[in-house]
Structure formats: C-alpha cells, structure tokens
Amino acid sequence: MDHRQTPLFTALKKHADSNPIQFHIPGHKKGMGTDREFREFIGDNALSIDLINIAPLDDLHQPTGVIEQSQILAADAFGADYTYFSVQGTSGAIMTMILSVCSPGDKIIVPRNIHKSVMSAIIFSGAKPVFVSPARDENLGIDHGITTSSVRRALERHPDAKGVLVINPTYFGVCANLKEIVDLAHSFDVPVLVDEAHGVLIHFHPDLPMSAMQAGADMAATSVHKLGGSMTQSSVLNLNTKNGYVNPQRVQTIISMLTTTSTSYILLASLDTSRRNLALNGHQMAQHAIDLAQFARSEINKIPGLYCFGDDILGGEATFDYDPTKVTIHVRHLGITGYETENWLREHYNIEVELSDMYNILCLITPGDTQESVQTLLEALKELSSQYYKDGQAHELVVKIPEIPQLSLIPRDAFYADTEVIPFKESAGRIIAEFIYVYPPGIPILLPGEVISQENIDYIVEHVDVGLPVKGPEDRYINQVKVIVEADPIF
C-alpha cells in the first residue's frame, strides 16, 4: 500500500479549498460565527475542516469512501485485519472490545489494575469480572501486569470465560510475555483483548515490546494520540480475525453505538496523517525516542538519591520486556514523595510529568522530545537531589493492599440497584454500589457489587488521612458511601 496517501485529510483540504456555502452544522461556518479570540488562536485552517459527515467526506458510522480507505491503510500499518478509528479515545475502543464479546452474565478475566473504561464496559454489558491480581514490585512500589501462570489459573477455574483482557505495556512500560498469554488463552478457545493505550510505537520498532497484533491477540485498543502524534481523544481499535473469535461487523455496530454522530473530522484527519507519519517514519521516530530515553535513564542513575529502572528489571514472569521510552524515576531515597516531586518540578522548572505516586514520577519520552527538553529535566533533577538528598533519609517503602473483596453482585446489578448512603466507617459487610480507587498503587480497592471489609475501610481511611487522592465515589472525602439497600428478613 502507498502510505504516502492521506485519503481523508486530502479530501478535507480539497473540500475546504472549494469554499462551499454551508447550510449545515457546525454553526460557526468555517469560523465566521465563532468567538474572535478563539478563532485567531486556533486559525482558519483548522476551522475550515471542522466538518460533518457530508457525502464527499464519508461517514465514520458506515464508511464506504475516504474514511474506509484511511482505515484500510491504518490496518496495514498496524498489522491488523481491520482497524477502526475512534474519536471517543481509547476508552471507547476498550468498551467496544468488551461489549463485542460479552453478553449479560458472561465472565471476563481482567487484571485488577484496570482502566475505569473496562469497568464501565462490564457494567454496560452485564458481564461478571474474574479479577486477577497484577504482579507487585516491592522494590518500586508499583504494579506490573498479569502473568501467564495467573491467567492459566483463572482459565482453569473459569474455562467458560468469554475473554481475557491484558494491559500491554503497563502505564510504566512493563510487559509480561504477551505471546505466551495469547497462545494459552487460545488453547482454551478464549479470545484475548489488549489495552494497548500506551503502546502505539511498539508496532514500529523491533527493540520495543511485541505488539498485540504481532502476538496474535484478537483485539487491541491503541492510543495514537498518547505517543503517536495524533490529537487528544483520537485512537484506533485493531482487529485480528484469523482465529475466528471476532466478528468485524459486530465490532462496527458496537463502536458505532458508542460513538457520537457528530464525529470530529479534525481528530479523524489527525489519525489519517499520523498513520502516514508512523508508517513512513515510525522506526526513525521510535529510535529517536529510545535514544533520548536511554540517555536520560543513564544520567538519572548518576544523580544521588534517584533510580530509573531499565534492563535490570527484566527476568521475572511479569517483567518479560519493557518500553524504555517510559522513564520511571524512583524518588523515595530523597525523603520526599512522588507527589511532592511533581509539584517541585512544576514550581521550579515549569515541568509537567505524566504521573506521580507515593514513590515515583513517570516521564514519557516521545518523538516530540529534544535533547534540550531532556537536558532541562536532568538539570531540574540534579537540583532536586542537591536540595533533598541526605543519606539514610529514605521513606520506608510500604506497599500493602487488601485482598480482592468478595464479588457479591454482578457490577451492573449493583450499579443500578436501590441504594442508600451511610457513613463509610460503618459500612463493613455492606455491598458497595460505586467505585473507590486509591493511589498508590493505582488498583481499584472497591468496585460495585463487592462486599466492604473492615480491612478495606482501614486501608482507605489511612490513605485519605495522609492526603493521597481518592477517585470514584460521589463523596470525594469518603465520609459517606453508597451501598445496596438490603431488605429486612421476613420471619
């Protein structure tokens, strides 16, 4: 295929150049009706291609023209049989994967450290999650992925599962042996769905971890916008239909159900052009990012009190491979938290990091980085170290988390059940009807349908008391919690 082509973007430019008289939405009419300051900032070119699914521009919901051509090119670039563009982000693509294979009551094997879109899809579908604990890194205080042996145990106990979901790579760039997991699941006739949100570059360089399509997985949701150059909220869903587990027509139906009918052609055009860039220059782009990241990693490990893992992390079942462009900086030996480090970098160097937790910050090195941007980060970290590093001042590394609670109700039934609000500290033994995520280590502690234990309560209260952010519940301070109304017994 000729990856120099950009069917959709070319059609959009041609349409804008013809300067048609528009009697359709959007109402700003090529920027004429928008706010003046916004128009000056965004520019008329962008506003001229902010269009809708008129005939010359195809329709994402049933593509037969330039969008279909663009998706065929994307499938070739990503090594997929089919590729669907998502303007609902990777969250929409992940929900599509699960809704495509799960019906009400079906089981799906998922890691406990899942993205919230996975639980949203489980609630929408009425599926029953079978949770697998990720491997915990006691040295860094982070979690990796699920392992082949843990997936094997789950499949042996639940051979009727309709899917296995794997995160590859994890947020921190670490991978288990995906090919081994895929082969194992397929031996049970179970499809594999991959959350590949942080793995777009792995398709284009042999020194990066194996991609989902290379491993033979059946579906993969991939964020092109995170690392591949497209605009925020634009992603792709890749399908491998060779194993017969995925029906592309059903996938098209589901993703259409989840997608706005007012699809953004600016986002779609950015996917079309990013595919071109990745297909033609992806290896070079990835190599640039890898080289910068490995240079940064080497220099960071020379700074007193800081540690950035690399090849040394490999060798375990959960650490089969890693993406070096994810630069995880362990700051515990400075005697400060990752949160404090993030704030310090923002205040002193105007540096924004991807995430921080109790012991780490994560910096993403992408094709958009330069030697200068990396050098600024290194200078900042050196000053941080000189200010905070003192021998023997490291925080005690305590990584503890309660056992996975008992799932008493299917999450959808719990989410839509009759509920009441009670004091959280008095909720032991009740069935929760909402989500509670505590960071670190980033694993959801309670999900709809699970029984709250006193251990859960103590763990969450302890983390709230030290100021760690809690996500999910309606009461952000976790004084109250929503639980299932339980009728009094009749004697």
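Residues are numbered from 1 along each chain as its sequence is written, and side-chain values use heavy atoms, with hydrogens and water left out. Because the model is predicted, local features need pLDDT of at least 70 and side-chain atom pairs count only at pLDDT 80 or more, while totals for chains, interfaces and linings use all residues.

**The sheet**

- Four strands form an open antiparallel sheet in the order β11-β13-β15-β14, where strands (E, at least two residues) and helices (H or I, at least four residues) are DSSP runs numbered from the N terminus, and two strands pair if DSSP finds at least two bridges between them.
- The edge strands, each of which pairs on one side only, are β11 (307-308) and β14 (355-356).
- Strand β13 (residues 326-330) pairs with strand β15 (residues 360-364) over five bridges in the antiparallel sense, and K326 has L364 of β15 as its bridge partner.
- Helix α13 (residues 338-349) packs on the sheet and touches β14 and β15, a contact being heavy atoms within 4.5 Å.
- The direction of α13 makes about 50 degrees with that of β15, with axes taken as lines fitted to C-alpha atoms, for helices over the stretch in contact, and angles running from 0 to 180 degrees between N-to-C directions.

**The helix pair**

- Two packed helices are described by the angle between their axes and the distance between the axes.
- The axes of α13 and helix α14 (residues 371-388) come within 11 Å and cross at roughly 115 degrees.
- Residues making this contact include W344 and L345 of α13, and A380 and L384 of α14.
- By class, the contact of α13 with α14 has seven nonpolar residues (Ala, Val, Leu, Ile, Met, Phe, Trp, Tyr, Cys and Pro), three polar ones (the others, Gly among them) and two charged ones (Asp, Glu, Lys and Arg).

**Residue I266**

- I266 is found in helix α12 (residues 265-300), and it counts as partly exposed because its relative accessible area is 21%, which lies between buried (under 20%) and exposed (over 50%), using a 1.4 Å probe and protein chains only.
- Not counting residues up to four places away in sequence, I266 touches A46, I49, D50 and M231.
- I266 and L47 are 219 residues apart in sequence, and their C-alpha atoms are 8.8 Å apart in space.

**The cysteines**

- The structure holds zero disulfides, a disulfide being a pair of cysteine sulfur atoms within 2.5 Å.
- The closest cysteine sulfur to that of C363 is in C308, 8.6 Å away, so the two are too far apart for a bond.
- C363 is buried at 7% relative accessibility, and C102 is buried with a relative accessible area of 4%.
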